[in-house]
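Have the sequence and the 3D view at hand while reading.

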Amino acid sequence: LVIDVDGTATAVWTVDAGATAKIQARARRAGTWGTTADLYTGAERPSVQDAAALAGGALAVAHTTVVNALVSANVTTCSAGLALCTTATLSTAASGGLAIDGNGDSQGGVAWVEQQALNRTVRWAPLSVASGAVTIGTAANLSGTTDTTKTSTAIDVDRTGLTTVAWKDGDALMVQRFAATAPPTAPATAATTGTAPVVDDSVGVASDDTGSAVVTWVSSQSGAQTLSALPYAALVRGTQQAITGDGVAQLPALAVGGTGQAAIAYLRSGQVATANATTPAGAWAAVAVAPLNGASVATRPSIAAARNGAIVLAWIATSTTTGEHTLRTARFTPAKIVVRPTVAVKRRTQIRWALATQVTTNLSGTFEQIGRITVRGKRIIACRVAPRPISGNVSTAVICRLNRTAIRARKRVAIRVRLTTTFVASSGDKATATATYTLARKR
């Protein structure tokens with residue numbers, strides 16, 4: 001299931017139809033599911049690896065097929081509305097590691113491991129959208145070297161157009177981060193510090209809307225597993241840090257919201273454990289272990305982040321007595337603000353007025369308010385409250401005094417004040433709340 005920047009959600013699945021097999025999809029727009037579309041039909045059974053959402057409901061699906069014991073890496077691209085779909089074969093000698101991502105807008109990318117004789121290379125090709133049609137660009141070699149130890153690719157394309165490709169090469173983690181218009185010409189170097197081997201299929205990468213990203217992976221040594229993170233700010237690599245240190249971390253799933261809120265879920269002794277950070281480069285902190293129903297074991301954690309920073313976790317809990325499977329979910333919420341009007345308008349001395357509100361936040365930090373009105377087609381500031389401290393879960397009364405321009409405008413006609421409250425928590429979390437108040441004409 002993938003979602004583009006306009007909120008179009010597209011579900012992708014495979015169907016075995018006897019002599020042939022299909023990849024199908026269905027899009028949901030404005031709260032309504034459309035008809036099912038056939039994206040691919042063939043005698044070779046496709047194995048869908050992932051899908052990428054692009055602008056206007058366009059779609060790209062990465063899948064593999066096996067012909068004469070050879071694995072082909074394929075991408076099926078569909079124009080806006082799934083109106084026209086075509087399949088391109090990227091490689092007829094893939095050795096796995098096929099991954100794809102789109103930024104929900106006009107850019108995406110696909111990466112795979114290609115094997116020729118005894119050599120392997122990590123390759124990448126850009127995806128772009130123009131006039132609703134998806135184009136696959138020229139492929140490039142990201143790994144440089146051609147040994148046989150490359151596996152487990154992961155890819156992310158952020159809103160600024162930066163692409164991150166990470167993969168396991170022997171015991172090391174390799175990362176290339178670059179602009180889609182300028183793929184790297186130099187081979188990748190090891191991104192990890194230390195000698196603990198990287199665990200296969202544990203590499204993840206995700207980004208926010210401002211050009212920051214994080215790569216995560218699990219390393220294992222002497223039976224002890226460590227989950228680690230490596231942040232990037234634009235093209236600058238940060239400092240590696242350990243997320244866990246208790247020796248147990250399996251099958252991590254990573255998500256980063258548009259605001260930078262990051263979270264990771266992983267299996268720990270049969271339970272889903274999580275950690276989060278306020279930014280990809282921030283300090284990671286453990287979150288309470290996800291609850292289980294009685295005697296059950298958790299499997300297959302999955303996590304997703306919305307653009308506002310809200311994060312949803314899903315996993316399957318399997319009963320150890322009945323074998324029944326239960327789908328469970330939990331939600332991480334970013335900092336939030338509640339703004340409630342207490343007195344719509346207060347008459348002040350010297351013919352000045354004010355908008356009085358109460359502000360409540362669930363975290364401690366600072367907030368400010370700006371009220372704006374429209375005068376002769378122009379948006380102007382009507383009132384302002386300078387940044388002030390606030391305690392979590394404690395309501396604070398706030399007076400936003402109208403300035404002279406707003407007072408003069410109100411003497412002529414009723415005015416509508418759009419009041420925006422911006423909150424910054426001590427942890428760095430940010431949130432906004434907007435409310436509109438109509439003030440009657442006051443001579």
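Two strands count as paired if DSSP finds at least two bridges between them. The model is a predicted one.

**A hairpin**

Strand E12 covers residues 119-130 and strand E13 covers residues 133-136; the two run antiparallel and are joined by 4 bridges. That count meets the cut-off of at least two bridges, so E12 and E13 pair. Within this pairing, Val 129 faces Val 134 of E13. E12 and E13 make a hairpin, with 2 residues between them. Ser 131 sits in the turn and has a positive phi of about 55°.

**Thr 121 in E12**

Strand E12 also holds Thr 121. Is Thr 121 buried or exposed? Its relative accessibility is 12%, so Thr 121 counts as buried. The cut-off for buried is under 20%. Beyond its neighbours within four places in sequence, Thr 121 contacts Trp 112, Val 113 and Glu 114 among others. Its partners also include Asn 141, Ser 143, Thr 145, Thr 146 and Lys 150.

**Asn 74 in E8**

Asn 74 belongs to strand E8, residues 70-78. Its relative accessible area is 3%, so Asn 74 is buried. What does Asn 74 touch, not counting residues up to four places away in sequence? Its contacts include Val 61, Ala 62, His 63, Thr 64 and Thr 65. Thr 87, Ala 88, Thr 89, Leu 90 and Leu 98 are also among them. Val 61 lies 13 residues from Asn 74 along the chain.

|---|---|---|
| Side chain | Thr 89, side chain | 3.0 Å |

The Thr 89 entry is a polar contact between side chains. Thr 89 is also in the contact list of Asn 74.

**A three-strand sheet**

Further along, 3 strands form an open sheet. Their order is E27-E28-E29, and the pairing is antiparallel. Which strands are at the edges? They are E27 (296-305) and E29 (325-332), each of which pairs on one side only. From one strand to the next, the twist averages 20°.

Strand E28 spans residues 311-319 and runs antiparallel to E29, with 8 bridges joining them. In this pair, Ile 311 stands opposite Phe 332 of E29. Strands of a sheet pair through backbone hydrogen bonds, either parallel or antiparallel.

Note on methods
Residues are numbered from 1 along each chain as its sequence is written. This is a predicted model: local features need pLDDT of at least 70, side-chain atom pairs count only at pLDDT 80 or more; totals for chains, interfaces and linings use all residues. Side-chain values use heavy atoms; hydrogens and water are left out. Buried means under 20% relative accessible area, exposed over 50%, partly exposed in between (1.4 Å probe, protein chains only). Contact means heavy atoms within 4.5 Å. A polar contact is a pair of N or O atoms within 3.5 Å; within protein, one must be able to donate a hydrogen and the other to accept it, and residues adjacent in sequence count only if both atoms are side-chain atoms. Axes are lines fitted to C-alpha atoms, for helices over the stretch in contact, and angles run from 0 to 180 degrees between N-to-C directions.
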